[in-house]
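Biologist: Please pick one part of this model and look at it closely. Then set it in its surroundings, and give each term its cut-off once.

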Protein chains: 2
Amino acid sequence: MEEKKDDSTVFIGKKGVMGYVLAVVTQFNNGSKEVTLKARGKLISRAVDVAEIVKNRFIPDVKIQNINIKTEELMSEDGSKNKVSAIEIALQK
Amino acid sequence: MEEKKDDSTVFIGKKGVMGYVLAVVTQFNNGSKEVTLKARGKLISRAVDVAEIVKNRFIPDVKIQNINIKTEELMSEDGSKNKVSAIEIALQK
């Protein structure tokens, strides 16, 4: 499935917050109209930090277009399933 | 300011997730139509967990009506100000 060229996704991992802020700002500067942040588990709070810092410090005309939360199932190494909360924050310029 | 009787708020702190799940379920069982979860900083992911567990395991007809994120300023003991991200998740029955 081809993704629309002007949309993009940033997955939040364990790097510092500012690395993800930079990734989002770069996407918008390269012409993206919408950037979606995705995070799971304890990284959810970092996704919220990234969204707030982009909006308040770097690109004031960015709006939080939509926030979704859901539950995902992860398969662990021993084959058992674990449920984890996830968030998607769509930023729009 | 008086709050509407059928609305209520649950602040997420450092207790276990299930304590907050129970608080939300109790509010709905006592007749609340809307319960809002509020959390700051690293506790944001716990608020998402609580919302998902209430919806998926306890009250299937609860809907996530709205999610807001924002930045709050906290005054620390030495008088300096710290910014912290916050979330509000409104659940509706």
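Modeller: The part is helix H1 of chain B, whose buried residues are covered by elements including strand E1 (7-11), strand E2 (34-40), helix H2 (44-58) and strand E4 (81-92) of chain B. The model is predicted: local features need pLDDT of at least 70, side-chain atom pairs count only at pLDDT 80 or more, and totals for chains, interfaces and linings use all residues, while side-chain values use heavy atoms without hydrogens or water. Residues are numbered from 1 along each chain as its sequence is written, with chains lettered from A and ligands numbered from 1 in the order in which they are written. Helices (H or I, at least four residues) and strands (E, at least two) are DSSP runs, numbered from the N terminus.

H1(B) takes in residues 17-29, 13 residues in total. From its first C-alpha to its last it reaches 19 Å, close to the 18 Å expected at 1.5 Å a residue (1.5 Å times one less than the number of residues). Its buried residues (under 20% relative accessible area; exposed is over 50%, partly exposed in between; 1.4 Å probe, protein chains only) are Tyr20(B), Val21(B), Val24(B), Val25(B) and Phe28(B). Viewed down the axis of H1(B), these residues fall within an arc of 140 degrees, so they line one face of the helix (directions run from the helix axis to the C-beta atoms). Leu22(B) and Asn29(B), on the other side of H1(B), are exposed. After H1(B) comes Gly31(B), which has a positive phi near 105 degrees.

Ser8(B) lies in strand E1 of chain B and is buried, its relative accessible area being 9%. Its side chain makes a polar contact with the side chain of Gln27(B) at 3.2 Å, and Gln27(B) falls within the residues 17-29 of H1(B). The side chain of Ser8(B) makes another such contact, at 3.4 Å, with the side chain of Ser32(B). A polar contact is a pair of N or O atoms within 3.5 Å; within protein, one must be able to donate a hydrogen and the other to accept it, and residues adjacent in sequence count only if both atoms are side-chain atoms.

Strand E4 of chain B, residues 81-92, is among the covering elements too. Leaving aside neighbours within four places in sequence, Ile89(B) is in contact (heavy atoms within 4.5 Å) with residues including Val35(B), Leu37(B), Val48(B), Ala51(B) and Ile64(B), and with Ile69(A) of the other chain. The copies meet through the same surface, since 100% of the interface residues of chain B are also interface residues in chain A.

In chain A, the loop between strand E1 (7-11) and helix H1 (17-29) holds Gly13(A), which counts as buried at 18% relative accessibility. Apart from neighbours within four places in sequence, Gly13(A) is in contact with Tyr20(A), Leu43(A) and Arg46(A). The C-alpha of Gly13(A) is separated by 7.3 Å from that of Ala39(A), 26 residues apart along the chain.

As for the whole of chain A, it has two helices and four strands, in the order β-α-β-α-β-β from the N terminus. Its C-alpha trace spans about 45 × 30 × 20 Å along its principal axes. Chain A has 93 residues, of which 41% count as buried. Of its contacts between residues at least 6 apart in sequence, 67% join residues at least 24 apart.
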